[in-house]
Amino acid sequence: MKRALIAVGIVTALGAGAYIYVLRHSASPIAVNTTPVTRGDVIDAVASTGTLQAVTTVQVGSQVSGNIQELRADFNSIVRKGQVVARLDPALFQAQLDQAKANLAQARANQTKARSDLDRMKVQLLDAQQKYTRAKELAARNLLPASDLDAAKIAVDSADASLQSQQATLAQTAAAILSADATVHQNQVNLDHTIITAPIDGIVTQRSVDVGQTVAASMQAPTIFIIAADLTKMQVNANIDESDVGRIRPGQRATFRVDAYPTEQFGGVVTQIRLQPVVQSNVTTYGTIINVPNADLKLKPGMTANLRIEVAHKTDILRVPNAALRFRPTTDMFAALNQPVPPEALTGGGRAGRGQQGQGGAAATTAPSAATPAVPRDPAQRIERFKAMSPEQQQEFLARLKRRGADTSAFESATAPPAPPGGPPKAARGAAAAQTIDALFAPLPVTETRGRVWLFQDKQLKAAAVRLGITDGTNTELIGEPFPQGTEVVTSVTGVGTVRPQAGGAASSNPLLGNQRGGGPGGFGGGGGGRGR
């Protein structure tokens, strides 16, 4: 029995030793993954979607109600300006026109009768006046009683009143003629509107009615056709997110694809950024118009365009992969490489944000640069010393003050350019006479930021500060070409943080917990430079 226990103890000891040996030697070897710095094109672009539409579309409707009697155009018909495209049943409007003409003829006849009555009244008045004159002569010689003289005077007054009444009647007939003539003209216009013609040269893209259908033009004209002026010139109405609209300018080049031609790429130019916001699901976008040539008529109205608007485009430049800019070495990596932790690893060093553009960029590290001279505490001396700095040193100094929350207005005003003599420059005077807001958009500043990459030289990680330009999401421009083409930059370190024995020489006994300290191979720096745990 004692020998059996001794044998079991020996076997257990050997198994534990083998287990510990396997744990200590099962770690993957340390591997530093690098990628070369290349030369090529970098395009900074804004992605969006839009809808293709004709530059000019006209809705052709009917101004009168009626039944469609005839259609002379259909979908895809090419029409010319003035060409008859549809007719309404003219019977009702023709009857109304005939009735109005009859009323006009009657009004004219009434006017003729009124004129003849007026002439008769004039003759009666003249006769009464002559009789009154003879009566006065006879009464003056006492040959006519006074009653007869009064009767003659009454006859004159009565004939004069009848004449004036007839003149008013004649004026009424003239007004009736004008009214009847206007009614005839109105009914003639309504009859003419039963013939619908094309207002422009173009192509019919929509037909909304059929023969025999009734259209009712009460509050608005019903649409019968939609005609596109010229499908060889189209436009994309894109919806640009509010976070990107500040980088869009008229004249920028845009490329897009449509599902109908997945292997072809089409191009256009930004012509307008509309200031009408569209809010959907708490997302604000702005309509942007892109003119697109369509000489071969491949593009059709309503197609969805997946487009990219080029904000900046540089060709044949030195570029570094973004994975190298995201790489952050950890203390475990330096320990695995038997390398002391350099001071650069204790501060940030990735690509700076977009904030500082066109003026040297923001410093990537939080520590002050040794190249920036000290600034005295006296305000006047501080400004003079600040003016003596180089532009890069000034930007670095201002960035440090802003990080501390200090006021930088005095230093910024000290470096502001003086106002030009003779008033504003010609560009400003030209902007005052601009007809649209698009002409007032300032050009985009040049993008320049600071960053850091790591090189693997002599089996050690070495930091290198770089100046960065535009990026396309995969590669970033290297300004000043600090490295020759083909220089290897570190993107990740694998084999760090693999399974290791815990304190006391034993690994975790719970198979559900797995490794309690680090991940598998590539736990640090894997996946394009991400930090492992």
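These legends describe close-up views of a predicted model.

**View 1**
Strands of a sheet pair through backbone hydrogen bonds, either parallel or antiparallel.

**View 1. Strand 6 meets strand 7.**
Strand 6 covers residues 84-88. Three bridges join strand 6 to strand 7, in the antiparallel sense. Look for Arg-87: this residue stands opposite Ile-195 in strand 7.

**View 2. The largest nonpolar core holds 25 residues.**
Which residues touch the most other members of this core? They are Val-79, Val-85 and Phe-225. Several elements each supply at least two residues: strand 6, helix 2 (91-140), helix 3 (146-192) and strand 10 (223-228). Helix 2 gives the most, with five residues. In soluble globular proteins, nonpolar side chains tend to be buried together.

**View 3. Phe-225 and its contacts.**
Neighbours within four places in sequence are left aside here. Phe-225 then contacts Val-58, Gln-59 and Val-60, among others. Its list also includes Leu-71, Ala-73, Val-85 and Ala-86. Val-204, Gln-206 and Arg-207 are on the list too. A second, separate core has 22 residues. Among them are Val-270, Ile-273, Leu-299 and Leu-307.

**View 4. Strand 14 pairs with strand 11 and with strand 13.**
Strand 14 spans residues 283-293. Nine bridges link strand 14 to strand 11 (residues 233-241), and the two are antiparallel. Here Ala-238 stands opposite Thr-288. Strand 13 (residues 261-280) also runs antiparallel to strand 14, with eight bridges between them. On this side, Val-278 stands opposite Thr-285.

**View 5. A hairpin joins strand 13 and strand 14.**
How many residues lie between the two strands of this hairpin? There are two. In this hairpin, Ser-281 takes a positive phi near 55°.

**View 6. Phe-256 and Phe-266 form a stacked pair.**
The whole structure has three aromatic pairs. In this one, the ring centres are 5.6 Å apart. The planes meet at 25°, so the pair is stacked: the cut-off is under 30 degrees. Phe-256 lies in strand 12 (residues 253-258) and Phe-266 in strand 13. The pair therefore ties together parts that are 10 residues apart in sequence. Are these two residues buried or exposed? Phe-256 is buried, with a relative accessible area of 3%. Phe-266 also counts as buried, at 12% relative accessibility.

**View 7. Tyr-261 joins the ring cluster.**
The rings of Tyr-261 and Phe-266 have their centres 6.2 Å apart. Their planes are at 65°, so this pair is edge-to-face. Ring pairs link Phe-256, Tyr-261 and Phe-266 into a cluster. Lys-298 is here as well: its charged end sits over the ring of Tyr-261, 5.5 Å from the centre.

Over residues 352-373, pLDDT stays under 50. The model has 51 contacts beyond four places in sequence for that stretch. Residues 499-533 are also below 50. Beyond near neighbours in sequence, this second stretch has 64 contacts in the model.

Methods
Residues are numbered from 1 along each chain as its sequence is written. This is a predicted model: local features need pLDDT of at least 70, side-chain atom pairs count only at pLDDT 80 or more; totals for chains, interfaces and linings use all residues. Side-chain values use heavy atoms; hydrogens and water are left out. Two strands pair if DSSP finds at least two bridges between them. Helices (H or I, at least four residues) and strands (E, at least two) are DSSP runs, numbered from the N terminus. A nonpolar core is a set of buried Ala, Val, Leu, Ile, Met, Phe, Trp, Tyr and Cys residues joined through side-chain atoms within 4.5 Å. Buried means under 20% relative accessible area, exposed over 50%, partly exposed in between (1.4 Å probe, protein chains only). Contact means heavy atoms within 4.5 Å. Rings of Phe, Tyr and Trp (its six-membered ring) pair if their centres lie within 6.5 Å; planes under 30 degrees apart count as stacked, over 60 as edge-to-face and the rest as tilted. A charge sits over a ring if NZ of Lys or CZ of Arg is within 6 Å of the ring centre and within 35 degrees of the ring normal. pLDDT is the predictor's confidence in each residue, from 0 to 100.
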